[in-house]
Protein chains: 2
Amino acid sequence: MPSLRARFQFRILGSRSAGNGITFKLESGEPSGVDDNTGELSGLFAPERVAVVGATESEGSIGRAIVENLRADFAGETIPVNPNYDEVFGLACYPDLGSVPESSEIDLAVVVVPPTIAVEAVRDCGEAGVRNVVVITAGFGETGSEGASRERELTEVAEQYDLDLVGPNSLGVMSTTSGLNATFGPENALPGSISFMSQSGAFITAVLDWATDEGIGFKDVVSLGNKAVLDETDFVRAWDDDPDTNVILGYLEGVEDGGAFIDAAREASGDTPVVMVKSGRTEAGAQAVSSHTGTLAGSEQAYEAGLEQAGVLRVENVQELFDFAQILSGQPLPDSDDVAIVTNAGGPGVMTTDAVGDSRLSLASFSESTVEALSEAMPEEANVYNPIDAIGDADIDRFERALDLALGDENVGCAVVLSAPTAVIDFDDLARVITDLQADHGKPVAAVLMGGERTESAKEILREGGIPNYFDPARAVGSLDALSRYREISGREYESPEAFDVDRERARAVLSRAVERGDNRLGVEAMDLLDAYGISTPEGVIADQPEEAVAAAQNIDGDVVMKIVSPDILHKSDIGGVKVGVTNEDVYDAYEDLVTRARNYQPDAEILGVQVQEMVDLDAGTETIIGMNRDPQFGPLLLFGLGGIFVEILEDTETRVAPVSEREATEMVEGIRSAPLLRGARGREPADRDAIVESLQRLSQLVTDFPAILELDVNPLVAGPDGVQAVDVRLTVDTDELDSSDPNSADRPTEELDS
Amino acid sequence: MPSLRARFQFRILGSRSAGNGITFKLESGEPSGVDDNTGELSGLFAPERVAVVGATESEGSIGRAIVENLRADFAGETIPVNPNYDEVFGLACYPDLGSVPESSEIDLAVVVVPPTIAVEAVRDCGEAGVRNVVVITAGFGETGSEGASRERELTEVAEQYDLDLVGPNSLGVMSTTSGLNATFGPENALPGSISFMSQSGAFITAVLDWATDEGIGFKDVVSLGNKAVLDETDFVRAWDDDPDTNVILGYLEGVEDGGAFIDAAREASGDTPVVMVKSGRTEAGAQAVSSHTGTLAGSEQAYEAGLEQAGVLRVENVQELFDFAQILSGQPLPDSDDVAIVTNAGGPGVMTTDAVGDSRLSLASFSESTVEALSEAMPEEANVYNPIDAIGDADIDRFERALDLALGDENVGCAVVLSAPTAVIDFDDLARVITDLQADHGKPVAAVLMGGERTESAKEILREGGIPNYFDPARAVGSLDALSRYREISGREYESPEAFDVDRERARAVLSRAVERGDNRLGVEAMDLLDAYGISTPEGVIADQPEEAVAAAQNIDGDVVMKIVSPDILHKSDIGGVKVGVTNEDVYDAYEDLVTRARNYQPDAEILGVQVQEMVDLDAGTETIIGMNRDPQFGPLLLFGLGGIFVEILEDTETRVAPVSEREATEMVEGIRSAPLLRGARGREPADRDAIVESLQRLSQLVTDFPAILELDVNPLVAGPDGVQAVDVRLTVDTDELDSSDPNSADRPTEELDS
């Protein structure tokens with residue numbers, strides 16, 4: 001089959017070139033070594049030759065189901081492999097992959113053998129030169145320690161042979177372009193432009209069964225299984241490069257590598273919407289995830305921040321997942337968020353308007369000429385302002401005229417057309433009018449033809465025009481809202497984190513002192529760390545003798561604040577370990593008193609000295625908190641909030657995954673509910689927002705440069721009208737990480753980091 | 001037809017007795033005069049003889065549609081009335097109602113004549129002794145001033161003849177028990193136990209068309225139209241007394257009389273759930289309502305508070321409206337909020353768990369014996385803790401055993417059963433098992449059989465058992481959540497507002513002074529008003545001479561606060577009209593200074609004097625705000641929040657319609673986000689919550705007793721550890737209302753008020 005071969009080779013070349021394309025876009029400028037397992041994955045979704053390792057005719061077996069599904073529509077060649085048979089469903093069956101003629105030109109092997117021999121079967125794939133493998137077999141990481149070690153072996157084999165491996169514990173993969181159904185589950189999907197990955201095979205089965213009836217089609221479908229090799233990041237990259245995928249859809253219970261995922265999804269979401277359910281959002285859900293897949297969930301805060309930064313349209317339920325997918329695959333993006341509503345029913349029109357009020361959309365104000373034209377076209381009782389109520393006796397011509405005028409108005413970005421059933425309107429006619437006018441004007445439209453069976457054929461007509469129809473007006477508005485959200489995402493200009501000129505070596509020295517002391521908790525003695533990264537701190541010295549304290553105080557203008565410095569005393573104020581407004585003459589006694597108190601409180605506490613610090617006028621500024629903790633999936637998660645009750649009681653905080661750009665840091669500061677307090681509410685002078693934003697960026701750089709910093713809180717960072725002051729700091733360090741870390745890696749400038 | 005007549009008379013008697021029943025339940029003990037238009041409305045929904053005034057065979061006319069719809073299923077007699085015909089569809093047609101034999105025994109007249117003669121037609125009904133009238137005719141209040149005056153006439157005629165009148169501008173009424181379809185719209189609904197009222201006729205048309213296909217049935221349906229006479233309150237009362245109505249459903253754009261509605265819905269919601277969409281929630285929606293029905297919307301805050309207090313399950317969209325209606329009509333209430341999840345699909349199980357986490361429900365913890373029994377019944381890979389994952393190869397027996405054990409566990413209140421399609425499970429079998437086990441255990445269940453057409457017959461089986469099925473697990477959980485919300489509502493013990501011993505006459509005198517002064521705005525000079533109602537105020541005097549101020553200060557312990565008192569100066573602090581911490585010797589000068597400042601600031605300001613007030617230590621307490629404004633529909637709306645930024649910037653307030661009970665006042669105080677600050681967060685002493693709650697109750701009594709008070713703010717009400725102090729007050733009075741009000745009405749004790 002020379003012609004088939006020629007096509008196949010062309011595809012591989014295409015894939016490599018696309019692979020380079022991705023690498024080229026990475027900011028790190030690194031060679032593509034880390035991306036060896038990705039690329040377009042065309043061998044996986046558009047193979048010419050597929051081997052089924054473990055093929056059988058045995059009733060009720062998975063091996064049989066796979067072969068049957070492949071035989072149903074697959075345009076290429078299906079090759080059964082099983083030492084027990086010479087033939088499976090009339091196809092020549094080979095004892096092992098090596099025995100298949102031209103085995104190196106098998107594009108995909110589907111492995112369905114028992115777990116005990118699955119790793120060997122995958123090794124055979126590698127030996128035979130097969131690069132894409134789907135491991136259906138279960139009994140790996142999801143089943144306990146034996147399975148986990150089997151999974152590690154599997155990963156090693158895949159790395160050794162550079163395999164693009166899906167699974168294990170996967171339902172399989174599907175691609176409608178080639179008619180490939182390499183799953184043991186559902187019938188092949190309808191063709192479409194949505195590519196769908198799911199960490200739950202059962203969810204795929206359910207969705208495909210339902211989607212076929214709903215007329216929803218797919219391009220590729222992949223059941224991720226345990227993600228031993230290929231994970232969500234790889235498929236986002238592959239589908240980003242796939243011209244036939246218009247929407248990427250995912251059901252995920254976790255993300256393997258948050259940083260890599262953010263990079264990939266951010267890249268993809270510029271032209272391909274990524275819509276996802278990340279389940280395990282709630283505490284109960286996270287527990288359920290852990291018992292379902294054995295994954296230890298990262299924090300929901302990190303997922304929320306990370307997915308937002310990645311440009312993922314995150315949804316919370318199945319209905320939204322498919323509502324969003326459908327409209328994103330069927331309708332253009334609106335130029336504006338201004339909606340026109342055209343209805344023959346006042347009440348449902350009001351409900352639609354309420355839904356608009358709940359959304360990020362707004363009701364369009366028609367231009368004068370539109371209102372005039374509508375007034376001419378409509379009867380007197382009609383409402384010609386938005387929502388247009390063409391009233392109950394509106395026939396198809398009146399509806400058409402109203403919608404045409406609305407969509408033609410330059411102030412209108414999109415429209416909802418709503419009709420209750422009446423004697424004078426035929427839903428099929430209306431559907432045709434909507435479809436035609438949508439196409440003419442090129443603005444997105446959602447329909448609400450309300451009724452029972454009479455809507456069926458109209459829905460079909462609308463669906464062919466890519467227009468969704470709902471009974472509930474709120475869903476129509478929700479879908480248009482998704483278009484608006486995605487328009488915002490696709491228009492984002494990715495801004496690199498700023499690289500400030502900092503003193504990395506000084507910071508490293510501060511951290512190393514902790515290692516030397518054998519302590520992983522640092523307090524005010526680490527203020528230099530902030531200073532080294534350009535975060536303003538009040539003038540201050542840590543004295544370990546009263547005389548030294550007195551000398552320090554004399555060098556500081558005005559009274560001072562004195563604080564006991566001890567890694568063993570976390571709540572200094574509680575034991576009277578802080579003195580505010582100490583005059584120069586009282587410094588000596590204050591020193592002695594602070595040390596005595598500390599010793600009384602905790603005789604074995606290690607006391608590093610007493611900090612003598614310039615007084616910061618707390619009343620002239622606003623107390624804020626900037627902080628970081630490290631998430632297992634997403635890495636450093638920055639936090640911003642106002643101090644005291646705002647963080648502790650109102651939980652009014654914003655979080656982002658570091659490194660953050662200036663825009664992201666600004667969003668953090670502007671995003672809290674209590675932000676008006678920073679803008680000078682109630683007669684106060686506005687706080688220096690730019691200084692807060694810069695401090696967040698500098699903190700971002702610090703925690704990115706030093707993975708050894710596990711948590712860090714600057715509390716308070718006092719924001720006055722002219723700058724900020726970091727008054728106190730507390731952090732936890734991973735001393736092993738710091739010990740073992742290559743000084744060069746910490747010295748690697750931030751702008752080169754890509755994950 | 002003697003037998004029919006006998007039944008008819010029995011019904012009327014039944015209705016009267018039920019009417020007395022309602023009156024009996026009213027707390028006012030008043031005679032039922034105000035309720036003359038309500039009662040069971042059996043003549044409306046279960047008539048034996050229905051006249052159609054304006055009946056015709058004319059193609060496309062409403063008069064024809066009504067007669068046809070009546071002829072379709074109606075068990076009683078249809079009587080056409082039209083002077084132009086002798087016969088309509090073979091039925092004898094009379095020139096007017098008076099000509100119909102035994103016209104006084106016509107139960108219901110449906111009026112479809114043109115607007116110009118509609119009022120006269122209704123008068124004829126009254127003259128002929130017909131008590132129930134549905135006015136289909138439009139062209140009333142919804143169309144401008146002429147229509148509005150026509151509507152006023154209509155109301156007068158209805159009052160004159162004591163008519164139960166629906167409309168005008170109504171689609172009509174329907175009742176499946178008698179096969180009555182007195183609408184010009186849809187085919188008759190399927191029979192059911194949901195009674196449905198809608199302020200939008202088009203919405204009824206759409207809903208019935210859809211509901212018939214979904215298998216959702218109704219008892220009564222009414223299109224409220226312009227609500228010239230009968231409104232939502234009347235139907236809530238009628239359906240509360242109707243044993244065949246299990247759920248009351250409403251689409252409302254406004255409530256006519258908020259107080260009466262609260263009483264009726266509160267009464268009904270003890271045993272009949274009331275589920276409502278109140279549209280016009282958002283600003284855009286409220287504008288749309290106003291252009292749709294001409295109603296001036298009350299504040300959304302008032303609706304939110306009022307509907308909550310009334311025990312209405314308020315929903316925001318059509319999907320929730322019917323999801324809630326279905327489960328409330330089909331399933332029992334759970335004993336607890338603990339959900340069991342039984343699934344064969346891990347991923348969708350996690351999504352269900354997340355939805356539980358989002359809801360007021362929680363995941364049940366199984367008893368040890370359940371876990372043991374599940375462990376025995378399930379394979380090793382299954383999860384026997386909640387959510388129960390019976391895994392993909394679960395057959396019907398395993399599903400049955402799991403669900404039986406889960407529902408049998410005393411820690412389980414309700415359950416979600418979820419199944420992805422697999423080769424080993426037949427959805428019809430599963431539906432039967434679910435239905436049987438639900439019936440056996442008597443605990444509510446929602447199903448999520450995920451799939452396309454294959455779920456159709458299973459859905460049917462489930463529906464017969466009253467069990468809803470959804471594709472999206474979040475909807476199943478949402479429906480169970482509605483049951484839980486309603487269980488809480490139905491268990492509420494209505495608590496009367498407490499009647500404190502207050503000095504009504506003194507309060508009246510304070511308000512009257514404003515009338516005498518011809519001013520409707522009062523400030524600190526009205527502190528006595530609070531004092532008269534037992535709301536603590538600091539000691540204080542309004543002096544109009546400096547000497548008087550000095551004398552007053554000498555009678556007060558410690559330094560004093562002095563404030564200019566002028567109805568023309570609203571923001572005293574801004575002009576330096578407040579002095580804090582004035583010593584006795586400075587009082588004279590301070591007086592002069594305050595008056596001078598005020599005169600300089602506003603030469604024509606009326607200055608009533610200077611208030612000399614005991615210092616309240618603001619730092620020892622928490623500043624709160626209690627206030628009231630009057631809503632056009634719901635009357636006095638109380639507000640509570642913490643002072644300063646909490647109300648102004650964070651908008652952290654709770655509102656309730658007055659009069660409030662102690663429980664409601666407590667909920668207001670506990671309900672704000674910043675409530676932990678009152679409980680003594682951050683090392684402060686807790687504020688005296690009971691004193692705040694009592695102040696709210698006393699304010700509630702004050703504004704209920706004096707409808708002339710339009711708005712009132714106590715800001716701040718300083719809440720310390722031992723009591724509260726109202727430091728400042730501002731109010732607006734309707735001087736006409738105060739003038740005209742009958743002193744006896746203000747003296748009527750609060751406990752006698754019923755609306």
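Ala543(B) stands opposite Val610(B), a residue of strand 24 of chain B, and I would like to begin there, with strands being DSSP runs of E of at least two residues and helices DSSP runs of H or I of at least four, both numbered from the N terminus. This is a predicted model, in which local features need pLDDT of at least 70, side-chain atom pairs count only at pLDDT 80 or more, and totals for chains, interfaces and linings use all residues. Residues are numbered from 1 along each chain as its sequence is written, while chains are lettered from A and ligands numbered from 1 in the order in which they are written.

Strand 24 (residues 609-614) of chain B pairs with strand 21 of chain B in the antiparallel sense over 4 bridges, where pairing requires that DSSP finds at least two bridges between two strands. Both belong to an open sheet of 4 strands in chain B, with the order 21-24-22-23 and antiparallel pairing. At the edges are strand 21 (540-543) and strand 23 (578-582) of chain B, each of which pairs on one side only.

What lies across strand 22, strand 23 and strand 24 of chain B? Helix 21 (residues 587-601) of chain B does, running at about 30° to strand 22 (560-565) of chain B, and here axes are lines fitted to C-alpha atoms, for helices over the stretch in contact, with angles from 0 to 180 degrees between N-to-C directions.

Let us turn to the two chains together. In chain B, 69 residues are in contact with 69 residues of chain A, contact meaning that the C-beta atoms, placed from the backbone, lie within 7 Å. The largest share of the side of chain B that touches chain A, 11 residues, comes from helix 12 of chain B.

How do helix 6 of chain A and helix 12 of chain B cross? Their axes come within 6 Å and cross at roughly 90°, and the two helices are therefore roughly perpendicular to each other, a term for angles of 65 to 115 degrees. Ala202(A), Phe203(A) and Ala206(A) of helix 6 of chain A make this contact with Gly346(B), Gly347(B) and Pro348(B) of helix 12 of chain B.

Finally, a rotation of 180° with 0.0 Å of shift along its axis superposes chain B on chain A, with an RMSD of 0.1 Å, using least squares on the C-alpha atoms of residues with pLDDT of at least 70 in both. The two copies are thus related as by a two-fold rotation axis, and the same surface serves both, since 99% of the contact residues of chain B recur in chain A.

Key
Contact = placed C-beta atoms within 7 Å. Parallel < 35°, antiparallel > 145°, perpendicular 65-115°, else oblique.
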